[in-house]
Amino acid sequence: MASQSALAALDNIRVVLVNSAHPGNIGGAARALKNMGLSQLYLVQPREFPAANAVWRAAGAAELLDTAVVVETLEEAVADCGLVVATSARERRIPWPLLTPRECGVRAVAEARAHPVALVFGREDRGLTNEELQACNYHVHIPANPEYSSLNLATAVQVLVYEARMAALEADKGETLKFTDWDRPPAKAGDMELYYAHLELALAELGFIDPDNPRQTMTRLRRLFSRVRPDDMELGILRGMLTAIQNHIHRSGGKGRPD
């Protein structure tokens, strides 16, 4: 099923941390992966690993540390990947194809159905080198507050793996439901106008509004129904309810609501 392949694609996306200085960030990244349903963590020359602080920060995701793949070079980490995306916090002299985090998530999930995908994160203090960036197909930039744009490594990982999960869930859900997929067509504009006239009359007979001074009641009700967009059968039900209310008022000989 498409939903299974979309969510299964998350298992084919690896997060690669290059030369991480703080083991706590490795643990935080592992936790971010597990939060979003990813499982592959690659570490390129971590300065301290294994480490107790990494396990502590990972909380309930310590098993991802146990299965983390430790390699010597970025080239080793991404050798079998068909798509490699590098995080970049600064502009480069030579422009590189750039993705937003949302575009990155969509592309990563789409391609992970066919081949491994790598999301590469650089060092806490200086990111990735130009050579490392040039080894990647795309760069992705997280548009943080320009007055304080420095993101913690684990936080940056969380942003991108969140977008990957959202893309997988969207693919799982399929296309947004259209009215052509609905069981009934939407109510026509002319029929809605008849309904509004009927509604205003019934509310006046009920004593809910003063027909000489309805204020903003009908405007707000119009806005409500415009937002909902009832189909033709739902509109028929609403018209029937109004007719039943009017019939009850007429049969009871009453008009208006009691004081």
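Predicted model: local features only at pLDDT ≥ 70, side-chain atom pairs only at ≥ 80, totals over all residues.
## Basis of the values

Local features need pLDDT of at least 70 and side-chain atom pairs count only at pLDDT 80 or more, while totals for chains, interfaces and linings use all residues. Residues are numbered from 1 along each chain as its sequence is written, and side-chain values use heavy atoms, leaving out hydrogens and water.

Helices (H or I, at least four residues) and strands (E, at least two) are DSSP runs, numbered from the N terminus.

## The sheet

Seven strands form an open sheet with parallel pairing, in the order β3-β2-β1-β6-β4-β7-β5. Two strands pair if DSSP finds at least two bridges between them. At the edges are β3 (69-71) and β5 (98-99), each of which pairs on one side only.

Strand β1 (residues 13-18) and strand β2 (residues 40-44) run parallel and are joined by five bridges. Leucine 17 has leucine 43 of β2 as its bridge partner, and arginine 14 is partnered by glutamine 40 of β2. Helix α2 (residues 23-35) packs on the sheet and touches β1 and β2; its direction makes about 160 degrees with that of β2.

## Cover of strand β2

Which residues lie on the two faces of β2? Side chains in a regular strand alternate between the two faces of the sheet. In β2, Gln40, Tyr42 and Val44 are on one side and Leu41 and Leu43 on the other, and all are buried. Thus five of the five residues of β2 are buried (buried means under 20% relative accessible area, exposed over 50%, and partly exposed in between, with a 1.4 Å probe and protein chains only).

The peptide bond between phenylalanine 49 and proline 50 is cis, with omega about 0 degrees. Proline 50 lies in the loop between β2 and α3 (52-58).

Asparagine 19, in the loop between β1 and α2, is not a glycine but has a positive phi of about 55 degrees. Is asparagine 19 buried or exposed? Its relative accessibility is 15%, so asparagine 19 counts as buried. Alanine 59, in the loop between α3 and α4 (62-66), also is not a glycine and has a positive phi of about 55 degrees. With a relative accessible area of 40%, alanine 59 is partly exposed.

## Helix α9 and its two partners

The angle between the axes and the distance between the axes describe two packed helices. Axes are lines fitted to C-alpha atoms, for helices over the stretch in contact, and angles run from 0 to 180 degrees between N-to-C directions. Angles under 35 degrees count as roughly parallel, over 145 as roughly antiparallel, 65 to 115 as roughly perpendicular and the rest as oblique. Contact means heavy atoms within 4.5 Å. For residue classes, Ala, Val, Leu, Ile, Met, Phe, Trp, Tyr, Cys and Pro count as nonpolar, Asp, Glu, Lys and Arg as charged, and the others, Gly among them, as polar.

The axes of helix α9 (residues 189-206) and helix α10 (residues 217-228) come within 11 Å and cross at roughly 140 degrees, which makes α9 oblique to α10. The contact includes Tyr196 and Leu203 of α9 and Leu221 and Phe225 of α10. Its residues are eight nonpolar, one polar and three charged.

With helix α11 (residues 232-252), the axis of α9 comes within 10 Å and crosses at roughly 25 degrees, so α9 and α11 are roughly parallel to each other. Among the residues in this contact are His198 and Ala202 of α9 and Leu242 and Ile249 of α11. The contact of α9 with α11 has twelve nonpolar, four polar and three charged residues.
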